[in-house]
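Let's take a walk through this chain together.

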Amino acid sequence: MNGLRAVVVCLVIACASVVSPAAAVTPDPATPSWSALPVPAAAPPVTVSDLAARGPGEAWATGYEQATDGLRPMLYRWNGTAWSRDTSFPGSGEPGWLGKVQFVGTEVWILHNRAGAGELLRRSAGGWSAVPLPQTLWTYQDFAAVPGAAWVVGEDDTGLKVLHYNGSRWTTQATPDGVLYLMGISARTATDAWAWADTSTGTSVLRWDGTAWRDAKVPLPPNSNVHTLLLEPSGRITIGGSQYTDGAARTYLMTFDGHTWHTAYPPLGDTSTEAMVRGPDGALWLPVRGDRAFQSKYARVDGPRTTFSYGPERTNAIDVKPRALARAGVALLSFGTVEIYGSKPNLMSERLGG
């Protein structure tokens, strides 16, 4: 009898060991439930680029849809009650796409590829205007803006380009030797910007101090990359990425408390942290790969504790993909796509709390 009991215990342990860490964590019953928000349909298939919110009554979501002659930019606005489509910006009916969106002071800024040429869209109380880039790039990789400064990073036929705008004119900034490509950029002030780069020695994090771009000497995990970098007014910095070990990827998070970098490996498998945000509850939130075709899935990382929650059930859905998150007052907004059986992916939005 004791021998049989030992065999059963061993089998239970063995089965538990093959369950992925993410699957082993159950949803948190104390977490408020997500609700669906209607979104006017676009021309599928659609791609969501970004989402930004300023309080509970204003948010903007960007991306592009598939028109008969190519891609068309796509912009949606949340007014605290409903989503509506905005087509009043310059170039809304022309080929192209919209990328990252940010609030800069009282304005909204968006990276816009307009028929191949780059520009920054700006929305103020007087309406929309555009700031053309000084040159056309092959790729417009990322963009960041703060009061008094903006950056667009990408590549042309001569290689890496970092374009800097000081409110009146554009200049090109140099990067340290060995930097091959900038994957993303984020800024806190005009003299405090950070970028993650592909270099001749691997992935590195750079910092702009108002004078030059320099290696920030961030001790990234070996054989890793960076998906996102969150800069917070308090001085805290959070980096999310993947580390590769024996051919497999696992998600890591690094946090800088003003003095030291701390690295953690939450049970997220190989989830991308590109859409990670700091929620109104102080925890980190990000969409994760769902295990239910008809529901979205989100992870909440609060120190050493990781919990999961699901979006509302969607009838006949075969793929629900949240693409971007944003804090909207005391709520979280999500924007992404849902594929209903028999149709191409179209837009969806969800809200937690609020």
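A word on conventions comes before the tour. This is a predicted model, where local features need pLDDT of at least 70 and side-chain atom pairs count only at pLDDT 80 or more, while totals for chains, interfaces and linings use all residues. Residues are numbered from 1 along each chain as its sequence is written, and side-chain values use heavy atoms, with hydrogens and water left out.

In soluble globular proteins, nonpolar side chains tend to be buried together. A nonpolar core here is a set of buried Ala, Val, Leu, Ile, Met, Phe, Trp, Tyr and Cys residues joined through side-chain atoms within 4.5 Å. Buried means under 20% relative accessible area, exposed means over 50%, and partly exposed lies in between, using a 1.4 Å probe and protein chains only. The largest such core has 19 residues, and those with the most contacts inside it are Leu-51, Ala-59, Tyr-76, Trp-83, Leu-333, Phe-335 and Leu-347. At least two of its residues come from each of strands S2 (47-53), S3 (59-67), S4 (70-78), S26 (317-328) and S27 (331-340). Strands (E, at least two residues) and helices (H or I, at least four) are DSSP runs, numbered from the N terminus.

Leaving out residues up to four places away in sequence, Leu-333 touches Leu-37, Leu-51, Ala-59, Trp-78, Trp-83, Ala-324, Leu-325, Ala-326, Ala-328, Glu-350 and Arg-351, where contact means heavy atoms within 4.5 Å. Apart from this core lies another, of 17 residues, among them Leu-160, Val-162, Ile-185 and Trp-208.

Now for the rings. A pair of aromatic rings is described by the distance of the centres and the angle of the planes. Rings of Phe, Tyr and Trp (its six-membered ring) pair if their centres lie within 6.5 Å; planes under 30 degrees apart count as stacked, over 60 as edge-to-face and the rest as tilted. The structure holds 10 aromatic pairs. Trp-34 is buried at a relative accessible area of 5%, and Trp-285 is buried at 2%.

Why is the pair of Phe-89 and Trp-128 edge-to-face? The ring centres of Phe-89 and Trp-128 are 6.2 Å apart and their planes stand at 70°, so the pair is edge-to-face. Phe-89 lies in the loop between strand S5 (83-85) and strand S6 (96-104) and Trp-128 in strand S9 (residues 127-132), so the pair ties together parts that are 39 residues apart in sequence. Phe-89 is buried, with a relative accessible area of 3%, and Trp-128 counts as buried at 16%. Elsewhere, Tyr-76, Trp-78, Trp-83 and Phe-335 form one aromatic cluster.

Two charges also sit over rings, which requires NZ of Lys or CZ of Arg within 6 Å of the ring centre and within 35 degrees of the ring normal. Arg-292 lies over the face of Tyr-310, at 3.6 Å from the ring centre, and Lys-297 lies over that of Phe-308, at 4.7 Å.

Let's turn to Thr-255, in strand S20. Thr-255 is partly exposed, with a relative accessible area of 27%. Beyond its neighbours within four places in sequence, Thr-255 is in contact with Arg-236, Ile-237, Thr-238, Thr-260, Trp-261 and His-262. Its C-alpha atom is separated by 34 Å from that of Trp-83, 172 residues apart along the chain.

Finally, look at the backbone. A cis peptide bond joins Pro-44 and Pro-45, with omega about 0°, and Pro-45 has its place in the loop between S1 and S2. Asn-223 has a positive phi near 55° and is not a glycine; Asn-223 lies in the loop between strand S17 (213-215) and strand S18 (224-231) and counts as exposed at 60% relative accessibility. Asp-246, also not a glycine, has a positive phi of about 55°, and at 81% relative accessibility Asp-246 counts as exposed.
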